[in-house]
Amino acid sequence: MTMNLRILLIIGSCLSLLYIIVRIRKADIRFMDMFSWFVLSLLLIIMSLFPRMIIVVTHLFGFESPVNCVFLFIICFLIYKLFIMSIKMSKEKDKMVSALEEIAINLKELRKENENENTVS
Amino acid sequence: MNKLLVIIPAYNECESILKTIEGIQSLNSICDYVIINDGSKDSTRNVLIKNNLNYIDLPVNLGLSAAFRTGMKYAYKNGYKYAMQFDADGQHGSEYISGMLDLAEKEGSDIVIGSRYIKGKSQKHSLRTFGGKIISICTKITTGKKIYDVTSGMRLYSQRIIKLFALNYNYTPEPDTIAYLSRCGAKIEEFPVEMKERMFGKSYLGKIKSIKYMYNVCVSLLIIQWFRKIRGVL
């Protein structure tokens with residue numbers, strides 16, 4: 001790996017970690033929801049600082065080049081994240097629809113009570 | 001209307017809710033109460049209606065944090081000076097409520113924690129107490145304050161904390177919020193209490209879930225704190 005590329009990767013991964021931290025603080029979001037992104041950016045920094053690790057894994061599994069190994073790792077992470085998010089989104093949709101159904105029923109009951117009160121008085 | 005609102009989140013607690021509410025109703029000169037029915041699937045709602053109890057129905061199960069925040073919103077809307085978290089399963093004792101309220105008024109505290117481990121009380125050693133100790137150490141590291149029982153669910157909050165909970169998103173009845181509020185300048189006191197075992201039903205946390213919970217709490221105490229801006233909202 002050329003020196004320029006190494007420097008680019010180190011700076012890029014540090015900037016992405018910084019960006020994630022700043023956005024989390026700004027949004028005042030629950031950190032545990034962003035945990036995997038934080039871990040990913042830490043891993044990217046570690047990989048850019050210690051490329052030996054990647055080279056060892058490359059030879060172990062016979063990747064054609066170290067960068068293929070990194071791509072595979074990141075792609076697997078993204079597929080996993082997307083899958084988890086699809087599940088979460090589906091569950092949230094179910095919850096929201098269920099809540100709206102309950103609200104509709106409650107509104108009807110309220111209306112019925114109001115009508116009864118009006119007819120009584 | 002009293003100064004203190006006791007918030008009782010309840011999920012599938014049809015067996016224990018009556019016994020729990022008896023103790024609180026006997027204190028009706030000191031505190032009001034509201035039961036938050038967190039989308040219970042059993043007969044909890046029928047029990048609440050049949051006995052004419054003061055309750056709020058959540059349309060679906062939203063979890064403890066949301067149920068508790070519903071109670072805090074109710075407290076804020078009705079102008080209560082203090083709000084207290086209280087379990088529906090009979091583990092908390094209503095006999096400590098007036099003591100905690102007196103302490104809060106005397107010291108001007110923002111949070112009074114009903115503490116099981118205060119004053120060197122020797123507790124039966126279990127996974128829970130060991131976990132509690134680890135979490136206390138993490139709290140000391142992050143806030144510089146020694147809180148003996150940071151996971152206790154019996155907590156009394158002052159009016160300005162009620163407002164924070166009611167109007168914002170990231171405040172939960174969890175230890176990391178307590179640590180964060182401590183760093184924001186909240187005055188935290190502890191009041192010695194004893195808690196009983198669950199009367200009926202399954203606990204909120206099984207064994208593996210307990211370990212996961214402990215791990216999450218420690219991570220949030222040790223790491224998350226640095227990601228929250230210290231606000232001078234207090």
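Predicted model: local features only at pLDDT ≥ 70, side-chain atom pairs only at ≥ 80, totals over all residues.
Residues are numbered from 1 along each chain as its sequence is written, chains are lettered from A and ligands numbered from 1 in the order in which they are written, and side-chain values use heavy atoms, with hydrogens and water left out.

Take the salt bridges to begin with. Here that term stands for a side-chain nitrogen of Lys or Arg within 4 Å of a carboxyl oxygen of Asp or Glu. Searching the whole structure turns up six of them over all chains. In one, B:Lys187 meets B:Glu107 at 3.7 Å, N to O. These two come from distant parts of the chain, 80 residues apart: B:Lys187 is in the loop between α7 and β7 (188–192) of chain B, and B:Glu107 is in helix α4 (residues 97–107) of chain B. (Helices, H or I with at least four residues, and strands, E with at least two, are DSSP runs numbered from the N terminus.) B:Lys187 is partly exposed at 35% relative accessible area, and B:Glu107 is partly exposed too, at 34%. B:Lys187 also forms a salt bridge with B:Glu189, with the closest N and O atoms 3.5 Å apart. B:Glu189 counts as partly exposed, at 21% relative accessibility. Through shared partners, B:Glu107, B:Lys187 and B:Glu189 join into one network.

Now look at the salt bridge between B:Asp149 and B:Arg116, at 2.7 Å, N to O. This pair also links distant parts of the chain, 33 residues apart, with B:Asp149 in the loop between α5 and β6 (155–158) of chain B and B:Arg116 in the loop between β5 (111–115) and α5 of chain B. Are these two buried or exposed? B:Asp149 is buried, with a relative accessible area of 0%, and B:Arg116 is buried at 12%.

On to the rings. Rings of Phe, Tyr and Trp (its six-membered ring) pair if their centres lie within 6.5 Å, and planes under 30 degrees apart count as stacked, over 60 as edge-to-face and the rest as tilted. That rule gives six aromatic pairs over all chains. B:Phe68 and B:Phe165 make an edge-to-face one, 5.7 Å centre to centre with 85 degrees between the planes. The two sit 97 residues apart, B:Phe68 in helix α3 (residues 64–77) of chain B and B:Phe165 in helix α6 (residues 159–167) of chain B. Both B:Phe68 and B:Phe165 are buried. B:Tyr171 and B:Tyr180 form a tilted pair, 6.2 Å centre to centre and 45 degrees between the planes. B:Tyr171 is buried at 2% relative accessible area, and B:Tyr180 is buried at 0%. Zoom out a bit and ring pairs link B:Phe68, B:Tyr157, B:Phe165, B:Tyr171 and B:Tyr180 into a cluster.

B:Tyr80 is another tyrosine to click on. You'll find B:Tyr80 in the loop between α3 and β4 (82–85) of chain B, buried at 6% relative accessible area. Its side chain makes a polar contact with the side chain of B:Asp32 at 2.7 Å. (A polar contact is a pair of N or O atoms within 3.5 Å; within protein, one must be able to donate a hydrogen and the other to accept it, and residues adjacent in sequence count only if both atoms are side-chain atoms.)

Most residues other than glycine have a negative phi. B:Asn12, however, has a positive phi near 55 degrees, and B:Asn52 has a positive phi of about 55 degrees. B:Asn12 is partly exposed at 31% relative accessibility, whereas B:Asn52 is exposed at 70%.

Finally, the interface. The area buried between chain B and chain A is about 1500 Å², with carbon and sulfur atoms giving 61% (buried area is the accessible area, 1.4 Å probe, that two parts lose on being put together, summed over both). B:Pro59, B:Asn170 and B:Phe227 supply 39% of what chain B buries against chain A, more than any other three residues. Between chain B and chain A, the salt bridge count is zero.

Key: Buried < 20%, exposed > 50% of the residue type's maximum accessible area, 1.4 Å probe, protein only.
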